[in-house]
Protein chains: 2
Amino acid sequence: MKINNIKHTKHLSPCKISDTICLPDSNVPRIVVIGGGFAGLALVEKLKHKEVQVVLFDKNNFHQFQPLLYQVATSALEPDSIVFPFRKQINGYKNVLFRLAEVEEIQPSSNTIVTNKGIVNYDYLVLATGTTTNFFGMESVEANSLGMKDIRDSLNIRHMMLQNLEQAAITCDEDERDALTNFVIVGGGPAGVEMAGALAEFCKYILPKDYPEYPSSIMNIYLIEAIDKLLSTMSDKASSKTLKYLKDLNVKILFNESVSDYDGSQVTTKSGKTILAKNLIWTAGVKGQFPKGIDEKHVVKGNRIKTDSYLKVEGYKNIFAIGDIASIITDDTPRGHPQVAQTAIQQGKYLGDKLLEIIKNKPIKPFKYKDKGSLATVGKRRAVADLGRFKFAGYFAWLLWSVVHLMSISGFRNRLMVGFNWAVSYFTYEKSNRVIIRNFKPKPPVNHTKK
Amino acid sequence: MKINNIKHTKHLSPCKISDTICLPDSNVPRIVVIGGGFAGLALVEKLKHKEVQVVLFDKNNFHQFQPLLYQVATSALEPDSIVFPFRKQINGYKNVLFRLAEVEEIQPSSNTIVTNKGIVNYDYLVLATGTTTNFFGMESVEANSLGMKDIRDSLNIRHMMLQNLEQAAITCDEDERDALTNFVIVGGGPAGVEMAGALAEFCKYILPKDYPEYPSSIMNIYLIEAIDKLLSTMSDKASSKTLKYLKDLNVKILFNESVSDYDGSQVTTKSGKTILAKNLIWTAGVKGQFPKGIDEKHVVKGNRIKTDSYLKVEGYKNIFAIGDIASIITDDTPRGHPQVAQTAIQQGKYLGDKLLEIIKNKPIKPFKYKDKGSLATVGKRRAVADLGRFKFAGYFAWLLWSVVHLMSISGFRNRLMVGFNWAVSYFTYEKSNRVIIRNFKPKPPVNHTKK
């Protein structure tokens, strides 16, 4: 029997009949944007205060600054300093709404998206859903290794690493200790190189302080690359300099080699080498990810969506794709544009500028990519830069890398935090608190019968 | 077939035959400490550089500063600024070792502890395992609400809160929206009062910025207390002032009331009131937690362990208990000492000072508790203080609270971080990034048939 029911009904604007997710009604066109990465956010920034209703959907409530994920993984930065809440970003944009939901399906025939939280109609749809780790169908590797594509991946790597180092202090089994303290990174692109460098610095500066009981040689870092050079999209100078930096930091590099199997304790390579390692970080490939509902015939290599030169998805009147997922295939770009932050930002800005003109059927210029150059860092005072004709390496490249990244992070507070952490780390070689909050499921012990 | 096996065997000091967890051999007495809270850490600090081997076991690799858990829960602080890695704490203490493991059983007859990672022998054992949330056997409450006893609880509360606020923006169901935006806190002690105040400030300053689509009245905060006053261990002045502060912040307080049932959406109280709320935070009780193996007859009220006045567990020669778990029952303290940080620190220091004398069979003085007074805060510029004869409230109490807490946090970096966040928050009312990284499992929708 209820004596007293405390209840306060709270009225928001009514829901549109056709939507099951609550959104304010509006008589301007509704643009639904799926994904708030570099591309999606650049688009939203351009559309703010314009005569459209923008609804941003993302499975996270924050934007991630992917270029620094490896620093979160190696305890150099805290996760909250490289992510930024969408609601803070769109604060004051009266025509922009954010809804936390995962889009599961697009139904182009009815201009509808289906999410895990309900259904929403759109007038225009922009896909900016990015890529995910590609394990190329190797189930054993996918099940036992970690990718590094989002903040949760980074935290998983951090916790795997710290838990395994703790376990190494506990075990009396030498093979087990070997496996727990060996690290294998697959892929010699920017993510792999930066991760290897950061791990090597951790090994050099942090390990002796935190684990005085270990000999300094306990941690081994292997970098496996399928071809014969690192950073293959950059210049030969950048590539060879990076190799030198990593060797100086004691990283063991295996060229022309790839992983064929991984049981969680032992990595097997194609040529038959085996490495005992419970830490495998996979940065060797990505593939596009997007909700079902897009006609298969518009999906091209790398699971990307083929668009025209205006970023409109082929075969649809009101669906667009931007960022890593979009592939504009022309004679100049037979494999689409490079899947990097620069492309994503430029495409987001372009579409944000042009979408209203497209809606009004005005003639527009096609998208044109402007390569601003590449930077990669291996560690403190060690970086490489290719800026057009200028190719250089060392302290100045590292300084440039630091400034460019610091200025690109969303939010003043985040910039301050990252700057502070970097400054502390520069002078003290100390990193942030190495705490295991997330539970990473430990792997089963090394199987001795196998050897 | 193996062509080339890359292997580096790493030698550490050999394991003792009787241990299955790797520990260096030593000819001084081994003191095993279980738990690195205020008590355990104070003990370790006193034992450093002494003629004993100290092995600290904890299920986490970090010490937690529990008094500020509620600030992590309400996004005022990041988790890493109130936790501190044990390995950083014991850096340079040659006779102190840390092992990350959960102790499952004590076997006093063989001087052995059994952990989830293996077995270790001790000469002396100190239990400093603290308390856990006490739901007093109410299964429905335990299953659906959140306690606030460690950093993971705080993060769970933060994520519950942010996910529910996001879901409230999505749902078109008004009861559901009610439930998602109502918060119930059970327990009017310091934890409950501080949590209620922090939530009320969140509602007042953050909600309108992050969710401009909501009316300001959308979030309701209820505080349920079993007796007729808040902060019952403090003075009447502190109690009545706290009540006023909370009322000013629009917190609805239910006195002489307790929760009888909670299904995840609706709280039912003993007197028959019902509140729709998907956010229930339980701070109404604690109970001691410790591994099995201690004779039941030495366990007293609140699941605490009865010790003599020297903190030795009754019935054992070489087992001690300190902190929340220890109960010294005398005429002065018929229910043991208060379960607060002060007691824990004083007991840890006392035992750290005396343990070597106990080992050498020297006569020692019994433990004597010195009450340094109590502080509690409801929000910015609102706090209460009982310092002996001096009882005051308001700005100065709040300033004192801030300074005392800031100076008590482990680690210079943490102090800097917390100070920085507090300063920013003081001037801007802004909090740190409200990001949902942890997945908090959402509760099922409000059951409409029930009403």
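Modeller: Ground rules come before anything else. This is a predicted model, where local features need pLDDT of at least 70, side-chain atom pairs count only at pLDDT 80 or more, and totals for chains, interfaces and linings use all residues. Residues are numbered from 1 along each chain as its sequence is written, chains are lettered from A and ligands numbered from 1 in the order in which they are written, and side-chain values use heavy atoms, with hydrogens and water left out.

Colleague: Where do A:Asp248 and A:Lys244 lie?

Modeller: Helices are DSSP runs of H or I, at least four residues; strands are runs of E, at least two; both are numbered from the N terminus. A:Asp248 and A:Lys244 both lie in helix H8 of chain A (residues 236–248), 4 residues apart, about one turn. Their side chains meet in a salt bridge at 2.8 Å, N to O. In chain B, B:Lys244 and B:Asp248 form a salt bridge, with the closest N and O atoms 2.8 Å apart. Those two are also 4 residues apart in helix H8 of chain B, about one helical turn.

Colleague: Which parts does the pair A:Lys273 and A:Glu257 tie together?

Modeller: The closest N and O atoms of this salt bridge are 3.4 Å apart. A:Lys273 lies in strand E17 (273–276) and A:Glu257 in the loop between strands E14 (252–254) and E15 (259–262) of chain A, so the pair ties together parts 16 residues apart in sequence.

Colleague: Is A:Glu257 buried or exposed?

Modeller: Buried means under 20% relative accessible area, exposed over 50%, partly exposed in between (1.4 Å probe, protein chains only). A:Glu257 is buried, at 5%. A:Lys273 is partly exposed, at 22%.

Colleague: Which residues are linked in a network of salt bridges?

Modeller: A:Arg87, A:Arg99, B:Glu166 and B:Glu213.

Colleague: Which residues make the nonpolar surface patch?

Modeller: Patches take residues with over 30% relative accessible area and no salt bridge; like charges are joined within 9 Å, nonpolar side chains (Val, Leu, Ile, Met, Phe, Trp, Tyr) within 5 Å. Areas come from the Shrake-Rupley method with a 1.4 Å probe; for residues, only the protein chains shown count as cover. Here A:Tyr395, A:Phe396 and A:Leu399 make a patch of about 310 Å². A:Tyr395 lies in helix H10 of chain A (residues 395–408). A:Tyr395 is partly exposed, at 42% relative accessible area.

Notes. A salt bridge is a side-chain nitrogen of Lys or Arg within 4 Å of a carboxyl oxygen of Asp or Glu.
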